[in-house]
Amino acid sequence: MAKIVFEAVTKTFRTKHKGRGTQEFTALDGIDLEIGAGEFVVVVGPSGCGKSTLLDLLGGLSRPTSGRILLDGEPVTSPGLDRGIVFQQYALLPWRTALGNVEFGLEATGVPRRQRATRAREFLELVGLTGFEDRHPHELSGGMRQRVAIARSLAYDPDVLLMDEPFAALDAQTRESLQDELRGIWQRTGKTVVFITHGIEEAVYLGQKVAVMTSRPGRVKEVVPVTFGDRGAGLQGEELRSSPEFARYRHEIWTLLHDEVARAQQLEKEEATV
């Protein structure tokens with residue numbers, strides 16, 4: 001049985017337009033997608049195609065207009081500790097240290113104080129932040145802050161990690177470093193990961209499967225399996241990014257996205273002239 005199942009999921013919103021009253025806006029239309037336990041699935045698509053909406057629905061932050069989402073066979077109706085979420089913005093508590101931010105999620109689950117500190121240190125070590133436990137967010141770089149956010153989401157041991165363009169605001173070198181780090185964490189923990197991105201290269205590098213979405217309203221155009229053999233024992237870093245297989249997958253996904261991006265840009269132009 002699949003870990004996560006989207007069954008004909010549609011999401012519409014009511015929006016107000018000056019001079020035109022209230023209109024219905026369809027963000028997602030008939031999403032069907034299955035994700036296996038322990039899989040790393042990346043969702044990529046043009047701007048405005050509903051990628052973040054899809055993640056919000058899976059996180060239980062909103063409800064589908066029609067269809068349903070199943071997690072371990074049960075409908076998703078609200079947020080839960082079985083899902084950890086990492087957003088593009090770090091959302092760290094500025095008055096807490098790195099250690100205190102990671103402990104925050106553990107407090108909600110009732111972990112005793114002494115165990116919280118030990119466990120938080122373990123997860124800061126997992127993301128490479130040993131020695132930075134007592135630093136506040138303003139004393140950390142953007143990449144370090146995102147590492148703290150990842151550690152916080154992993155610390156209470158969710159089954160599923162949801163990531164909404166977590167590296168988009170970072171410089172290219174830091175982004176690639178964190179991609180490497182995230183691949184290692186996924187390999188070591190065996191978590192199911194659903195990762196949203198605009199970047200084709202990021203999608204190919206991270207995903208076992210890449211779900212390519214259409215322009216609005218968002219649908220799953222195609223799911224591309226990405227296989228480089230044994231990811232643990234195979235190529236890493238720049239060797240993988242410069243390999244012929246990587247270039248082939250990048251071209252395949254770019255080809256699938258090309259028309260969708262053009263369609264999305266045309267839609268934006270039409271809406272701007274109305």
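## A pairing to start from

In strand E8, Thr-197 is the bridge partner of Val-44. That contact belongs to strand E3 (residues 40-44), which runs parallel to E8 and is joined to it by 5 bridges. Two strands count as paired here if DSSP finds at least two bridges between them. The strand and helix names are DSSP runs numbered from the N terminus, with at least four residues for helices (H or I) and at least two for strands (E).

A quick word on the model: it is predicted, with local features needing pLDDT of at least 70, side-chain atom pairs counting only at pLDDT 80 or more, and totals for chains, interfaces and linings using all residues. Residues are numbered from 1 along each chain as its sequence is written, and side-chain values use heavy atoms, leaving out hydrogens and water.

## Strand E8, covered on both faces

Is E8 buried or exposed? Of its 6 residues (192-197), 6 are buried, so the rest of the structure largely encloses this strand. Buried means under 20% relative accessible area, with exposed being over 50% and partly exposed in between (1.4 Å probe, protein chains only). In a regular strand, side chains alternate between the two faces of the sheet. Here Thr-192, Val-194 and Ile-196 are buried on one side, and Val-193, Phe-195 and Thr-197 are buried on the other.

E8 also pairs in the parallel sense with strand E7 (residues 160-164), over 5 bridges. There, Val-160 sits opposite Thr-192 of E8.

## The whole sheet

The open sheet has 6 strands in the order E6-E7-E8-E3-E9-E10, and its pairing is mixed. Strands E6 (83-86) and E10 (220-225) are at the edges with a single partner strand each, so one side of each has no neighbour in the sheet. On average, neighbouring strands are turned by 15° against each other, direction ignored.

Over at the E10 end, strand E9 (residues 209-213) runs antiparallel to E10, joined by 5 bridges. Val-210 stands opposite Val-224 in E10.

## Helices H4 and H5

Helix H4 (residues 142-155) and H5 have axes that come within 11 Å and cross at roughly 20°. Axes are lines fitted to C-alpha atoms, for helices over the stretch in contact, with angles from 0 to 180 degrees between N-to-C directions. So H4 is roughly parallel to H5, a label for angles under 35 degrees.

Contact (heavy atoms within 4.5 Å) involves Gly-143, Gln-146, Arg-147, Ile-150 and Leu-154 in H4, which meet Thr-174, Ser-177, Leu-178, Glu-181 and Ile-185 in H5.

Technical notes
Parallel < 35°, antiparallel > 145°, perpendicular 65-115°, else oblique.
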